[in-house]
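Hi everyone, thanks for making time for this. Let me bring the structure up.

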Amino acid sequence: MSTFDDPFDSDRRLARSGCACGGHGSQAEHDNAAGLQCPPVEDMRSAEQHYEDVVASAVMRAIFPAEAGRRAFLKSVGAATALAAVSQFFPLETATEVFAETGPIEKKALKIGFIPITCATPIIMAQPMGFYAKHGLDVEAIKTAGWAVIRDKTLNKEYDAAHMLSPMPLAITLGVGSKPIPYTMPAVENINGQAITLSIKHKDRRDPKSWKGFKFAVPFDYSMHNYLLRYYVAEHGIDPDVDIQIRAVPPPEMVANLRADNIDGFLAPDPVNQRAVYDGVGFIHLLSKEIWDRHPCCAFAASQEFVAGAPNTYAALLKSIIDATAFAAKPENRKQIAEAIAPANYLNQPVTVVEQVLTGTFADGLGNVRTVPDRIDFDPFPWQSFAVWIMTQMKRWGQIKGDVDYKSVAEQVFLATDTARLMREAGLAPPATTSKSLVVMGKTFDPAAPEEYVKSFAIRRV
């Protein structure tokens, strides 16, 4: 039985707010609404209230081990009276404080690898802006050359945790591209934040059907960039494995490759796209949000071994990331963040380039200044339907073969429960569910029917 199913807890909610969800004046009003307008109970409760309920429920179980006796007592005196009576002989407030405290941090000095892109904003800014220190951590954020290096250094335990592309923990867990090691992704670093950029010489070739023979770069084989580029061109009748070339290029090297005419374009994270415009070598053809609005991009990831072996360190680290994400989610903070992460030891970019990305007011390389406030946004919730969609694309393009237990893997890797709790503590409002339908280029994805989705595509490898 969970805390929120306990009869003492439910009666306290009724006494406190008039109905079981807390969103109506009476239980009758709640029943008439059929629960359709009920805000999630957990969303309305502070962390302190949550801990108080846990402690109170435990005390009531100790006094009345039998559920029937517990319910009878509560029914006769009411939840509020019961709580007052129990508080007289048991120090609920003290117990709540003790319960709410996490244990000592097992390891304060940590190394976290990151790639110098705006997708890593919460992980990067948490160092210079003090979010790690706030939670008792001494974190060294280490700029790293590419995603394969990030993966290998994390697997070799040179890094305690890492900025990863959101598909990478899934690939590592499934053993795609490396031996299978259980990995977790408790927080999405950013949503949106990518674009298709083409060489300035192709400014009159905006129709993807004319791209046969083009050479494109993406950051990594197991990336949203790869899957979104493949999805986009395939929807225009271009087979990404036959009609064009797609190669993995580290983001810091992409603009130089575009300038040298080694590639025709890329689907890349920012600030790579904006830097190509700034340098006059490319133009932004399409923002990734125009393919799938509010799609995941990068993530904070750690091995299950780290999570289990240092749970208090993990909790403090995740709190730091989510606090930083909550700060980054506010548009009024974006210029301050740009100044903090632009320097050489982080992004090594002109502040104006980073500002254009984070604020969403930017030059597109075609003579226009666009305003797209959510060109990049920050929402840490790891929707498990995101994971299922990613795995369908892995399956579609032959990266994984055979049967896939989509739901089980998604639940194992995308740790939505931990994130939801800490989001509430940071003042964010997590969703009440962990899965939802998605729309990518006008096509609806039902996470409950992944195999049907894979088979619905005319261009695929399976």
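Let's begin in strand β5, residues 191-192, which is where Asn192 sits. Please keep in mind that this is a predicted model. Asn192 is not a glycine, yet its phi is positive, near 55°. Is Asn192 buried or exposed? With 0% relative accessibility, Asn192 counts as buried.

Now over to Arg294, in the loop between β10 (282-287) and β11 (298-303). Arg294 is partly exposed, at 35% relative accessible area.

Next, a peptide bond. The one from Asp270 to Pro271 is cis, and its omega is near 15°. You'll find Pro271 in the loop linking β9 (265-269) with α13 (272-278).

Finally, the side chain I promised: Asp264, in the loop between α12 (254-259) and β9. Which side chain of opposite charge is nearest to this buried residue? That would be Lys201, 4.2 Å away. A salt bridge has to fall within 4 Å, and Asp264 has none. What Asp264 does have is a polar contact of 2.8 Å between its side chain and that of His202. Beyond its neighbours within four places in sequence, Asp264 also touches several other residues, including Thr197, Leu198, Ser199, Phe214 and Leu258.

That's my tour, and I'm happy to take questions.

Terms used
Residues are numbered from 1 along each chain as its sequence is written. This is a predicted model: local features need pLDDT of at least 70, side-chain atom pairs count only at pLDDT 80 or more; totals for chains, interfaces and linings use all residues. Side-chain values use heavy atoms; hydrogens and water are left out. Helices (H or I, at least four residues) and strands (E, at least two) are DSSP runs, numbered from the N terminus. Buried means under 20% relative accessible area, exposed over 50%, partly exposed in between (1.4 Å probe, protein chains only). Lys and Arg count as positive and Asp and Glu as negative; His and the chain ends are not counted. A polar contact is a pair of N or O atoms within 3.5 Å; within protein, one must be able to donate a hydrogen and the other to accept it, and residues adjacent in sequence count only if both atoms are side-chain atoms. Contact means heavy atoms within 4.5 Å.
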